[in-house]
Amino acid sequence: MGLSGIEIFKKLPKTNCGKCGVPTCLAFAMKLATGKAELDACPDLSEDVKEELGEASAPPVRTVVIGTGERAVKLGGETVLFRHEKRFENPPAFTLFLSDKMDESEISAKLTKFKETSYERVGLVLRPAMVAVKGEKDASGFMALVEKVCNDTDAALVLMNEDADALSQAAKTCSNRKPLIYAATMENVETLGNLAMELSCPLAVKGNSLEELAELSEKLIKMGVKDLILDSGARTAGKSLEDQIIIRRSALMKKFKPFGFPTIVFPCEMTDDPMKEAMIACQMVAKYGSIIVLSEIEGHSIFPLLLASMNIFTDPQRPMAVEQKIYEIGATDENSPVLITGNFSLTYFIVSGEVDASRVPSYLLIKDTEGLSVLTAWAAGKFGADTIAPFIKKCGIEEKVKHRKLVIPGYLATISGELEEELPDWEILIGPREASHLPAYLKELSA
Amino acid sequence: MTFEIPKVSYSGKIKEIPLGRGENIITVGGESCYPFHLFEGAIPHPPKIAMEVYDKEPEDWPDTALEPFADVAGDPVAWARKCVDTYGAEMIALQLASTDPNAEDTPADEAAAITKKVSDAVDVPLIVFGTSNTDKDTEVLKAVCETCEGKNLIIGPLGEGNYRAIGATAIGYKHTVMASTPIDINLAKQLNILLGNLNVPDDKIIIDPTTGALGYGLEYCYSVIERIRTAALIQEDERLQFPIIANFAKEVWKTKEVKLSEPEAPLLGDQKKRGVLMEAMTAQCVLLAGADILVMRHPEAINLVKESIQDLMIKGEG
Ligand code: SF4
């Protein structure tokens, strides 16, 4: 933030060695200035320069990593208040809450659900990210549960205990997993601050108000703790919304350092109704929760939550697009109908959903329309007869089916004549305008 | 340690629009801050929920959505009454879905007669939607305006292609209109300017920015709503200072994910709860973006959202 590419360049070694992945120091400086590269990519920086540049180029909300390896979770790094300004960087980590007060079968069932829950959508893997383990009884029970969870999953962990000794002990045994230590409070801030530094683990800070949170955070920053996660102590939906907004705004608009960190929120402590809990979690997805702790992972609530998070954290600049290819829906054969549409991912989801619902196995040809919807793509010259015809010939559909009937979107009815000229072997059928009429259309077509 | 709450200064305010008539008027709009930002502004009228009623028995709904209305699904009057009497609906949104030329193509006069009956049967404000078919909506909504003169219905969608014809009729018969544009702030503004030029009064306009379902383009709608609100409140864009309606229930309940049963998709959990949450979370997102009226379907989703609105309207506690 703040430094220009040239200013950064002045501090670099100027050897143009290329080890950072770009050919010159200047190019690297430009990438740093726009937030497209990480300082660590250059191995030849002195500690002083690193610190100076790190400070200057850091996003106003620090990026904090919890966990290690493939299941490491990156949080924060945010630079804006509204997603239309620039992409939100790191989606929230949905986190399963476990306590040593739960009985073994409950814990196992919850962990199993946590592990098996994973969905694929537009090439993204969506799943809950972390497990929070809370000690509410004795130290040995807590320790045993932490060990069990460590053995059971590679997911990143949050260790929660009000007993600082029990917490230290548990954190030490699994510090190689880089768990989040929860939480430094007025009572234990020094002990836990030192522990976090000793173990190089991220530390949560919990205040009973924003003022207290700011004070604690400030203290920890002075002690030299780098990776903090903020809990304002709010345990109602309304107060949480307010606190989250104030924290994010303070970091962005005032460069207020004590609030320049990701947050942790607890919908699981705000209601006993799992449906309501899911709604509060959804609120946090939109308004700035980073770690969202849930009492259960159930498909009917975590799936919509993951969708919400995917939606909110999609790059607003880029139209979402799916890959250009033949999608086989159902058990297709050489007589199955063939439909074509554009590669705007919304179009694809809706059309494939309706085709699927029709239970008529079909080939859905998705043509690259640069992520534009059918009509927009047609208007932009990317979905006319002249581009559809070569695609039909090249995509391989002619080898897959015996017939030569192509269903085009109802909105493209005007191009059917032209398309028949370009594709003399094919008969062009005009499908419905709305995807919702596809099931009826396909049933009739295949009858 | 003291720190200063960074506040935003709002120079604009959303217009207040009275819906319905007589003693049963419900006012929407009037905000002078971002959604639920009660620490720095006022929200005189919390967002409202309109319950959907269909003109003909729906064919493609999953059972989980139809079940609460199974006894009234073929009778829009009984359906609307049930929404008000049993579920406490604050408003009704009549979807004239069967008028779609691709569906049953119900004629305009028939649709208007159904609307009249529904409007006579309930006191709450009545929203009436066509099917986004420019020509047919013109016919249907004009007939609706005439037949229900003086009831201050909220009718739409009025688009670029038919705002003149419908707008003029709506003025004549004193209804409120929904200016509908395809997820685009500039088009939304433009249409409101055109409606102004046509002399549609400012207290008779609602913005319908087009809303998709969770997982199906919601992000575009979310951002358009946020941008409209920012323009209205901060940049004093007078032609965007209108309440916003989000008509998403029909989008949510046609997605694949609400239709899959638990045995078909075990990882997606309970089918009914999933559908309810898909709808309620779509609502939650557009609420936080700035919607004033939510068009919703499932009573359980509606309860969740009502509770959420209540919770978010409590200032600063806890
Ligand atoms: S690695 Fe460092 S020294 Fe080498 S080119 Fe990149 S910035 Fe310059």
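**Reading the model together**

Guide: Gladly! Strand 6 (residues 130-135) of chain A and strand 7 (residues 156-161) of chain A run parallel and are joined by six bridges. Before we go on, this is a predicted model, in which local features need pLDDT of at least 70 and side-chain atom pairs count only at pLDDT 80 or more, while totals for chains, interfaces and linings use all residues. Residues are numbered from 1 along each chain as its sequence is written, chains are lettered from A and ligands numbered from 1 in the order in which they are written, and side-chain values use heavy atoms, with hydrogens and water left out.

Visitor: What counts as a strand, and what counts as a pair?

Guide: Helices (H or I, at least four residues) and strands (E, at least two) are DSSP runs numbered from the N terminus, and two strands pair if DSSP finds at least two bridges between them. In our pair, V133(A) stands opposite L159(A) of strand 7 of chain A.

Visitor: In which order do the eight strands of the open sheet come?

Guide: The order is 10-9-8-7-6-3-12-11 in chain A, with parallel pairing. Strand 10 (228-231) and strand 11 (264-265) of chain A are the edges, each pairing on one side only.

Visitor: Which strands does helix 5 of chain A lie across?

Guide: For this we need contact, meaning heavy atoms within 4.5 Å, and axes, which are lines fitted to C-alpha atoms (for helices over the stretch in contact), with angles from 0 to 180 degrees between N-to-C directions. Helix 5 (residues 139-152) of chain A lies across strand 3 (93-99), strand 6 and strand 7 of chain A, at about 165° to strand 6 of chain A. Helix 8 (residues 210-223) of chain A lies across strand 8 (180-184), strand 9 (203-206) and strand 10 of chain A, at about 145° to strand 9 of chain A.

Visitor: What is the pairing in the open sheet of five strands?

Guide: That sheet of chain A, ordered 13-15-14-16-17, has mixed pairing. Its edge strands are strand 13 (325-329) and strand 17 (427-430) of chain A, and the twist averages 30° from one strand to the next. Within the sheet, strand 14 (residues 338-342) and strand 16 (residues 405-408) of chain A pair in the parallel sense over two bridges; V338(A) has L406(A) as its bridge partner in strand 16 of chain A. Helix 12 (residues 345-358) of chain A lies across strand 13, strand 14 and strand 15 (362-367) of chain A, running at about 175° to strand 15 of chain A.

Visitor: Which residues are around the ligand?

Guide: Here a residue is near a molecule if one of its heavy atoms lies within 4 Å of it. Those around the ligand include C17(A), C20(A), C25(A) and C42(A), along with P13(A), F28(A) and K19(A).

Visitor: Where does K255(A) lie?

Guide: K255(A) is in the loop between helix 9 (237-253) and strand 11 of chain A, and its phi is positive, about 50°, although it is not a glycine.
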